[in-house]
Amino acid sequence: MKCPKCQQEMEKKTFEGIEVDRCYHCGGLFLDKGELQDIDNKNIGPLVDIAAKSQKAEAMDKVPAYCFRCSNPMIALKGAGDITFDWCDQCEGLFFDRGELAAFDLFDYGNG
């Protein structure tokens with residue numbers, strides 16, 4: 001699968017049984033429907049994400065995301081902690097730029 005932001009090939013990485021797509025070029029993460037809740041349930045967001053946001057990650061915030069799985073532009077949304085992430089309204093996949101998942105307030109996900 002190609003990265004929704006930089007179009008480089010993403011690699012599959014498994015964390016405690018949860019397989020995510022990671023872009024090692026820009027540091028972004030693509031999560032399939034339900035994986036964010038699974039990550040929250042296991043409290044492993046900071047483990048899954050590469051590191052804190054960087055200047056490159058902040059610049060990627062301005063790049064529109066495109067779901068290569070559905071051939072569909074993704075919709076930018078603001079979540080808990082004012083973290084901006086991208087959502088595909090067809091497959092319901094989520095894309096987080098580097099550092100966004102670690103900063104996302106997962107404790108409030110699905111509870112608010």
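Mentor: Two strands are said to pair if DSSP finds at least two bridges between them, and with that in mind we can read this predicted model. Here strand 6 (residues 75–78) and strand 7 run antiparallel and are joined by four bridges.

Trainee: Which residue in strand 7 is the bridge partner of Ile-75?

Mentor: The bridge partner of Ile-75 is Trp-87, and elsewhere along these strands Lys-78 stands opposite Thr-84 of strand 7. On to strand 8: strand 7 and strand 8 also run antiparallel, with two bridges between them, and Asp-86 has Phe-95 in strand 8 as its bridge partner.

Trainee: In what order do the strands of the open sheet lie?

Mentor: The open sheet has six strands in the order 1-2-3-8-7-6, and their pairing is antiparallel. Its edges are strand 1 and strand 6, each of which pairs on one side only, while the twist from one strand to the next averages 35°. The C-alpha atom of Thr-14 is 8.7 Å from that of Val-48, although 34 residues separate the two along the chain.

Trainee: Which strands does helix 1 lie across?

Mentor: Helix 1 (residues 35–42) lies across strand 2 (18–22), strand 3 (29–31) and strand 8, and it runs at about 120° to strand 2.

Trainee: How should I think about the core, and which residues of the largest nonpolar core touch the most other members?

Mentor: The general idea is that nonpolar side chains in soluble globular proteins tend to be buried together. In this model the largest nonpolar core has 15 residues, and those that touch the most other members are Val-20, Leu-31, Leu-36, Ile-39, Val-48, Phe-96 and Leu-101. Strand 2, strand 3, helix 1 and strand 8 are the elements that give two or more residues to this core. Another core, of 13 residues, lies apart from it and includes Met-10, Cys-23, Phe-30 and Cys-67.

Trainee: How do I read an aromatic pair, and how many does a search of the whole structure find?

Mentor: A pair of aromatic rings is described by the distance of the centres and the angle of the planes. The search of the whole structure finds two such pairs. In one of them, the ring centres of Tyr-66 and Phe-68 are 5.1 Å apart and the planes stand at 75°, so this pair is edge-to-face; planes over 60 degrees apart count as such. Tyr-66, with a relative accessible area of 32%, is partly exposed, and Phe-68, at 30%, is partly exposed too. The pair of Phe-85 and Phe-96 is stacked, with 5.3 Å from centre to centre and 20° between the planes. This pair links distant parts of the chain, since Phe-85 is in strand 7 (residues 84–87) and Phe-96 is in strand 8 (residues 94–96), eleven residues apart.

Trainee: Are Phe-85 and Phe-96 buried or exposed?

Mentor: Phe-85 is buried, with a relative accessible area of 9%, and Phe-96 counts as buried at 0%, because the cut-off for that word is under 20%.

Trainee: How many disulfides does a search of the whole structure find?

Mentor: The search finds zero disulfides. The test is that two cysteine sulfur atoms lie within 2.5 Å. The sulfur of Cys-6 has its closest cysteine sulfur in Cys-23, at 3.4 Å, which is too far for a bond; Cys-6 itself counts as buried at 15% relative accessibility. Cys-88 is likewise in no disulfide, the nearest cysteine sulfur being that of Cys-91, 3.8 Å away, and Cys-88 counts as buried at 0% relative accessibility.

Trainee: What is the phi of Glu-16?

Mentor: The phi of Glu-16 is near 50°, a positive value in a residue other than glycine. Glu-16 lies in the loop between strand 1 and strand 2, and at 47% relative accessibility it counts as partly exposed.

How values were computed:
Residues numbered from 1 in each chain as written. Predicted model: local features only at pLDDT ≥ 70, side-chain atom pairs only at ≥ 80, totals over all residues. Heavy atoms only, no water. Phe/Tyr/Trp six-rings, centres within 6.5 Å; stacked < 30°, edge-to-face > 60°. Buried < 20%, exposed > 50% of the residue type's maximum accessible area, 1.4 Å probe, protein only. Axes fitted to C-alpha atoms, helices over the stretch in contact; angles between N-to-C directions. Contact = heavy atoms within 4.5 Å. Core = buried A, V, L, I, M, F, W, Y, C linked by side-chain atoms within 4.5 Å.
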